[in-house]
Amino acid sequence: MKKTLLLLTMALGLAGATPLMADVDLYVTGSTAFRANVYNACTKLFTTPPVLGSTLFFGDAAHGGDANNNSSTASWCMTGTPIGTLTNIQGGALTVHGLFTGSVQGMQTVEQVVPLTFATTAAGVYSTNTPTIAFSDASSTSTPYPATGNFSEENVCVQPFVMVKSTAGGVMTNITNITWEQMEFGIPQGRLPLSSWTQNPADTNFIYIIERTADSGTRRCFTSQEQYQFGDPVTEYIYDHTNNFFFKGNNESNSVVGTSPDGVVGAAGLGNANLNWGSGYVGGGDIKNELNYNNANNLSIAFLSIADAKGAGASNWAQVVSFNGLWPTAAGSGIQGNTGTNNYAPITSGFYPCWGNEVLVYPNIDPASIPGEVGQNLTATELGSQSQPGSILGVLDATNNPPIIGSIDNEISLSESGSPGATAIRLSEMNSSRQAVGGVITP
Amino acid sequence: MINKKTGLIALLASFAASALWAGNFSGPSSYAVGDVLVCFRNGGADDLVVDAGPVSTLISATPNQRIPLSPYYSTSQFNTAFGNANAVSWSAFTWYDDSVSPVSAQWTLFVSKARASLNKQTSPWVAASAASQENPALRMGEIPIGAYYNLNFNGANTSTAVIDQNSSAGNPNYPFGDSYDDALTGNAGGDFDNTFQGNPENTTPANFATSGTVVRSDFYQLTPNSGNGELLGYFEFATDGSVTYVAYPSAIPVIKSISHAGSTSTINYTTGLYGTYTLRGTNTLSSGIAATNWPAISTLTSGDVLTHSYMDTDASPIKFYIITAQ
């Protein structure tokens with residue numbers, strides 16, 4: 001009799017218990033230009049917004065972070081109880097580790113399981129793990145690291161780009177538009193004579209095309225748009241902002257600002273990771289800084305994300321010029337100095353060509369089963385994809401209309417109504433598309 | 001005058017220093033600008049890229065000197081890449097960048113052009129401006145970078161001959177640089193992505209390996225803004241996959257017509273850009289002397305492809321003529 005009662009009690013107890021789920025970690029890397037969007041969306045993956053020092057930690061400058069400790073910081077970690085829509089990971093804690101090293105570099109480290117040093121849930125403590133997913137401003141198919149086999153790729157949103165000129169004034173006032181043909185000729189050589197704009201053969205001084213290092217998704221969108229492959233020639237000129245001259249970058253030594261003879265401008269990155277991709281400017285912010293050097297010798301132009309271009313010049317988008325006579329927003333030249341919202345109708349309608357699909361590269365099998373992985377504990381069901389509701393990517397990268405909380409799509413939607421407007425476009429708003437980076441736009 | 005000579009010597013020394021050093025593919029920067037790249041492809045999985053040494057070696061060769069490329073690659077490597085020499089497309093090229101002096105030599109191109117007829121020189125490439133020649137040169141420059149990153153791709157590879165994959169686009173084996181195929185074709189499909197005026201390649205017939213005859217491509221130097229390219233020689237591709245360079249080749253001389261008046265015979269002839277051409281004559285064909293050893297009458301005008309005349313005064317009632325070249 002006693003035995004029967006005990007067995008019944010145990011059976012009831014088992015029936016009433018919910019399955020215990022393990023804590024899970026997501027390691028995010030990739031695009032520096034897109035990091036703020038990722039950060040903002042991730043903060044909403046938790047039932048309680050992350051709190052600095054308690055459930056939110058930032059990496060320091062030596063570990064890929066900075067002193068800002070906000071969405072622009074490239075190294076962070078946030079943890080907590082996942083929101084209810086993350087049904088595939090209920091019952092345990094979710095910890096998201098972010099370390100944004102650049103688009104191409106991010107995809108390469110995910111696919112080649114290269115360990116990176118991430119911030120953790122303890123201040124000043126770091127862990128070395130392989131990244132789980134990577135965001136990129138350019139599709140992996142346009143790089144040496146296409147997502148194949150155990151890795152897949154999906155679109156996240158659309159990133160607008162613009163041509164921007166330096167604040168030098170003087171002869172730069174001649175540059176009010178840039179054509180596709182000018183860039184096709186100019187990208188390999190890194191510069192064009194001013195006569196290309198003035199039609200005056202006597203204007204033999206050069207306008208320099210400032211470029212990112214080869215791991216940049218922005219650069220890939222730019223060169224691919226001009227029908228160049230990843231390995232095709234791009235001559236990098238660096239502006240020595242102290243002595244006010246341009247020199248050809250031919251090495252991988254860096255300076256934080258342009259300084260001859262260093263071929264890389266910007267932070268060396270964790271473990272000098274940014275010094276493995278040839279000469280050039282490390283970040284879009286570094287190019288923005290170059291364009292802001294107001295000196296008569298700084299005759300330069302660049303292809304920048306709409307977010308980075310906002311800060312070049314005395315007011316929002318003050319230095320943006322048209323491309324093939326077209327502007328990225330319905331305001332036309334009114335984007336210069338714009339403080340209102342951005343209407344990207346020229347892009348969504350298929351007129352303005354400077355844009356790319358932000359993509360996400362992720363494992364399509366259990367991340368913990370990828371040969372060479374370090375520190376992965378997610379299953380494929382838990383990580384999922386944007387087409388699998390309840391998974392992490394089924395929320396973070398969901399593109400439903402209306403958008404769901406916790407998604408990047410939702411963050412873009414929220415930014416559309418605020419000033420000075422969104423810096424990305426939701427996929428559901430696009431009335432046109434392109435099948436390849438820089439490829440034909442239809443319709 | 002002394003100053004002028006000194007200046008000239010200085011210029012030559014400077015030019016030589018930048019162009020004579022031979023490179024290879026053993027390091028990311030070990031290729032020496034000015035080394036001739038001889039590249040092969042057949043539309044299959046792999047290409048073969050060869051660093052054939054400094055172009056200055058070819059420039060300084062003597063007329064009709066034959067320079068085999070066997071020190072730089074072997075037919076064994078060639079066969080590893082392609083199996084045989086049938087339907088293989090190949091070209092030879094190099095360039096001077098903006099590190100050479102004098103400035104007028106910067107962005108000089110050296111590019112091959114396939115002969116349609118084995119013994120007939122092609123119409124030359126035409127030199128363009130330095131700015132126009134810079135872009136094809138920059139595309140050429142991606143090939144040795146790609147070769148370096150593929151040095152270990154095939155076990156037959158050496159520091160001067162690399163078998164690498166035909167397609168570099170989306171290929172992890174090419175973190176930097178391009179394959180020969182991609183550098184040449186690009187988005188436009190050929191002519192170094194349409195940055196050059198024409199096709200530098202020579203494509204062998206499908207039965208070439210058993211045809212028993214070679215094919216040739218002329219090799220032109222295109223100094224910016226210099227008009228017609230200067231013929232330096234030709235590359236000769238043999239049925240076993242080997243290549244030999246022939247410097248400043250003599251042409252086949254032609255006696256266009258002969259007229260006779262009194263005791264003077266007027267011979268109209270053509271020679272060639274390079275070589276020494278000798279008019280020879282004899283009064284009999286039964287002397288037993290080979291035609292190439294008939295008595296020399298005169299060294300003929302050469303250095304162009306124009307028709308010239310020579311008047312031979314000889315009272316003999318009959319005379320036979322031949323022009324020999326060397």
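**Before you start**

The model scores ipTM 0.87 and pTM 0.87. Color chain B by pLDDT. Its mean is 92, and 94% of its residues reach 70 or more. Now select residues 1-20 of chain B. Here pLDDT stays under 50, and the model has 16 contacts beyond four places in sequence for this stretch. Where pLDDT is low, the predicted coordinates should not be read in detail.

**Stop 1: the two domains of chain A**

Color domain 1 as residues 24-157 + 357-438, and domain 2 as residues 159-356. Their centres, taken over C-alpha atoms, are separated by 27 Å. Look at the boundary. There, 34 residues of domain 1 of chain A are in contact with 33 residues of domain 2 of chain A.

Which elements give two or more residues to the domain 1 side of this boundary in chain A? They are helix 3 (103-111) and strand 19 (355-363) of chain A. Helix 3 of chain A supplies the largest share of that side, three residues. By class, the domain 1 side has ten nonpolar, 20 polar and four charged residues.

**Stop 2: the largest core**

Select A:V162, A:V164, A:A302 and A:V361. These residues have the most contacts inside the largest nonpolar core, which has 108 residues. Strand 8 (residues 151-165) of chain A gives the most to this core, with eight residues. At least three core residues come from each of domain 1 and domain 2 of chain A.

Zoom in on A:V162. Leaving aside residues up to four places away in sequence, what does A:V162 touch? The list is A:L304, A:I306, A:A309, A:V320, A:P328 and A:C354.

In soluble globular proteins, nonpolar side chains tend to be buried together.

**Stop 3: an enclosed helix**

Select residues 217-225 of chain A, which form helix 6. Is helix 6 of chain A enclosed or in the open? Nine of its nine residues are buried, so the rest of the structure largely encloses it. Among the buried residues are A:R219, A:R220, A:F222 and A:Q225.

**Stop 4: a three-strand sheet**

Stay in chain A and find strands 14, 15 and 16. They form an open sheet in the order 14-15-16, with parallel pairing. Strand 14 (254-255) and strand 16 (280-281) of chain A are the edge strands, each pairing on one side only. Strand 15 (residues 264-265) and strand 16 of chain A are joined by two bridges. Pick A:V265. Its bridge partner in strand 16 of chain A is A:Y281.

**Stop 5: where the chains meet**

Bring chain B back. At the interface, 16 residues of chain A are in contact with 19 residues of chain B. The chain A side has seven nonpolar, eight polar and one charged residues.

**Stop 6: chain B as a whole**

Chain B has seven helices and 16 strands. Its C-alpha trace spans about 80 × 60 × 35 Å along the principal axes. Of its 326 residues, 41% count as buried. Color domain 1 as residues 2-247 and domain 2 as residues 254-325. The C-alpha centres of these two domains of chain B lie 39 Å apart.

**Stop 7: a residue in strand 10**

Select B:T244, in strand 10 (residues 243-247) of chain B. B:T244 counts as partly exposed because it has 16 C-beta neighbours inside 10 Å. B:T244 touches B:R66, B:I67, B:P68, B:L69 and B:E236, not counting residues up to four places away in sequence. Draw a distance from B:T244 to B:A325. Their C-alpha atoms are separated by 20 Å.

**Stop 8: an open hairpin**

Finish at strand 11 (residues 254-261) of chain B. Of its eight residues, the number buried is zero, so this strand lies largely in the open. Seven bridges join strand 11 of chain B to strand 12 (residues 264-270) of chain B, and the two run antiparallel. For one facing pair, select B:H260 and B:S265. The hairpin has two residues between the strands, and B:G262 takes a positive phi near 65°.

Key:
Residues are numbered from 1 along each chain as its sequence is written. Chains are lettered from A and ligands numbered from 1 in the order in which they are written. A nonpolar core is a set of buried Ala, Val, Leu, Ile, Met, Phe, Trp, Tyr and Cys residues joined through C-beta atoms within 7 Å. A residue is buried if 20 or more other C-beta atoms lie within 10 Å of its own, exposed if 12 or fewer, and partly exposed in between; C-beta atoms are placed from the backbone. Helices (H or I, at least four residues) and strands (E, at least two) are DSSP runs, numbered from the N terminus. Domain bounds come from an automatic or database domain assignment. Two residues are in contact if their C-beta atoms, placed from the backbone, lie within 7 Å. Ala, Val, Leu, Ile, Met, Phe, Trp, Tyr, Cys and Pro count as nonpolar, Asp, Glu, Lys and Arg as charged, and the others, Gly among them, as polar. Two strands pair if DSSP finds at least two bridges between them. pLDDT is the predictor's confidence in each residue, from 0 to 100.
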